[in-house]
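Trainee: I have a model open and would like to learn how to read it. Could you take me through it step by step?

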Amino acid sequence: GFNCGIVGLPNVGKSTLFNALTQTAAAQAANYPFCTIEPNVGRVAVPDPRLDTIAAIGKSAKIVPTSLEFVDIAGLVRGASRGEGLGNQFLANIRETDAIVHVLRCFEDDDVTHVEGSVDPLRDADTIETELMLADMDSLEKRIAGLQKRARGGDKEAAAQLSLIEPILAGLRDGRPARASIPKGEEEAVRRLQLLTSKPVLYVCNVEEANAASGNAHSEKVFARAAAEGAKAVVVSAAIEAEISQMAAEDRAEFLETLGLSDSGLDRVIAAGYGLLGLITYFTVGPKEARAWTIIKGMKAPQAAGVIHGDFERGFIAAETIPFDDYVACKGEQGAKEAGKMRVEGKEYVVRDGDIMLFRFNV
Ligand code: GDP
């Protein structure tokens with residue numbers, strides 16, 4: 001599965017948000033279970049009303065939503081790249097995540113100490129980003145001498161690595177995160193470098209309850225920064241999310257409405273996380289279960305099949321495909337077949353969001 005690491009300075013509301021997100025998911029309808037993998041790792045079911053529709057039409061006995069993992073990464077402080085706080089352990093945890101959810105304190109509350117003495121989300125964002133950039137510089141500098149030596153000896157692969165790394169390192173030295181220096185078409189190669197600042201970032205502006213719908217002056221600055229960086233930002237009130245997490249599902253919608261909110265922070269963070277990672281969902285449906293699967297946008301049918309099982313990818317023959325809207329309009333697979341809405345797609349088919357798929361494969 002895909003996972004998002006939740007980072008931020010101490011006392012910005014990371015744990016409050018993490019607990020609220022995971023408890024809300026836990027308290028949701030039984031169809032959307034949440035499980036704690038480790039104390040700081042939560043798997044959150046991705047709410048998707050299309051799945052319920054498909055399960056009802058297909059008379060599936062069970063519904064299995066797709067999920068995103070959130071990892072609460074505590075312990076980042078100024079100086080982490082030099083080993084302060086949990087230092088290296090913390091950085092190693094971030095290295096393993098697909099995307100970064102960066103919680104920024106945008107709420108004023110004199111009772112909650114700010115480690116830097118005042119509320120200033122842009123400064124805090126810089127503080128964290130600086131630690132991540134220093135760690136990336138360190139990791140690239142350690143690799144570069146060896147690569148230079150091999151490149152001088154005529155190693156083409158080392159030379160290619162160098163030409164990828166050098167501009168990124170120069171950017172980092174100028175204060176630009178690696179994600180700002182990824183050459184077009186080199187996304188995968190850069191991903192393999194396992195840098196911290198090449199990961200996509202979602203800023204979560206944690207505002208006070210009264211500002212949950214509109215945001216505030218602090219969150220506006222964060223949105224401007226996100227836009228300039230090509231990152232994403234959402235406004236959340238961790239305090240509200242904590243309250244919602246204790247409510248029965250049927251009371252939530254009304255509570256959100258009184259606050260002027262159309263959906264919960266959970267939904268917004270998941271949706272933004274999905275967008276950030278370039279993820280889409282396809283479905284499988286049968287009498288046993290209706291199930292949602294997460295893939296990266298642009299994946300072809302065999303790769304998408306591989307998310308279910310490696311054998312499906314290796315032995316891929318074809319994929320019977322029905323777009324969601326046709327499945328609903330034709331009241332299921334049989335109707336879609338009769339109406340000519342079921343297509344048989346081959347190896348080059350790029351799977352679309354909402355496709356209902358049945359894979360044919362050799363074992
Ligand atoms: P972490 O260190 O980033 O994990 O921060 P915590 O989630 O432990 O929160 C630190 C303190 O800030 C706790 O006392 C929370 O109750 C408080 N806090 C978190 N979010 C909010 C918020 O939206 N508003 C207010 N007023 N306090 C908050």
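Mentor: Gladly! Let's start with domains: their bounds come from an automatic or database domain assignment. In this predicted model, the assignment gives domain 1 (3-277) and domain 2 (298-361).

Trainee: How many residues of domain 1 are in contact with domain 2?

Mentor: Five residues of domain 1 are in contact with seven residues of domain 2. On the domain 1 side, the touching residues divide into two nonpolar, two polar and one charged. As for the spacing, the C-alpha centres of the two domains lie 32 Å apart.

Trainee: What is isoleucine 6 in contact with, leaving aside its neighbours within four places in sequence?

Mentor: Its partners are Lys14, Leu17, Phe18, Phe70, Val71, Asp72, Ile73, Val101 and Val103.

Trainee: Back to helix H10, then. Is isoleucine 270 buried or exposed?

Mentor: To judge that, count the surrounding C-beta atoms: a residue is buried if 20 or more others lie within 10 Å of its own. Isoleucine 270 has 23 within 10 Å, so isoleucine 270 is buried. You will find isoleucine 270 in helix H10, and it touches Val44, Val46 and Leu68, not counting residues up to four places away in sequence. Alanine 336 is 66 residues from isoleucine 270 in sequence, and their C-alpha atoms are 31 Å apart in space.

Trainee: Which helix is hardly covered?

Mentor: That is helix H9 (residues 249-258), where the count of buried residues among its ten residues is one. Just after H9, glycine 260 takes a positive phi of about 80°.

Trainee: And how do I describe a pair of packed helices?

Mentor: Two packed helices are described by the angle between their axes and the distance between the axes. Here, helix H4 (residues 121-152) and helix H5 (residues 156-173) pack at an angle of about 150°, with axes 9 Å apart. The crossing of H4 and H5 is left-handed. Among the residues making the contact are Met133, Met137 and Leu140 of H4, and Leu162, Ile165 and Leu169 of H5.

Trainee: What kinds of residues make up that contact of H4 with H5?

Mentor: They divide into 13 nonpolar, two polar and four charged.

How values were computed. Residues are numbered from 1 along each chain as its sequence is written. This is a predicted model: local features need pLDDT of at least 70, side-chain atom pairs count only at pLDDT 80 or more; totals for chains, interfaces and linings use all residues. Two residues are in contact if their C-beta atoms, placed from the backbone, lie within 7 Å. Axes are lines fitted to C-alpha atoms, for helices over the stretch in contact, and angles run from 0 to 180 degrees between N-to-C directions. Helices (H or I, at least four residues) and strands (E, at least two) are DSSP runs, numbered from the N terminus. A crossing is left-handed if the near helix is turned anticlockwise from the far one by less than a right angle, and right-handed if clockwise. Ala, Val, Leu, Ile, Met, Phe, Trp, Tyr, Cys and Pro count as nonpolar, Asp, Glu, Lys and Arg as charged, and the others, Gly among them, as polar. A residue is buried if 20 or more other C-beta atoms lie within 10 Å of its own, exposed if 12 or fewer, and partly exposed in between; C-beta atoms are placed from the backbone.
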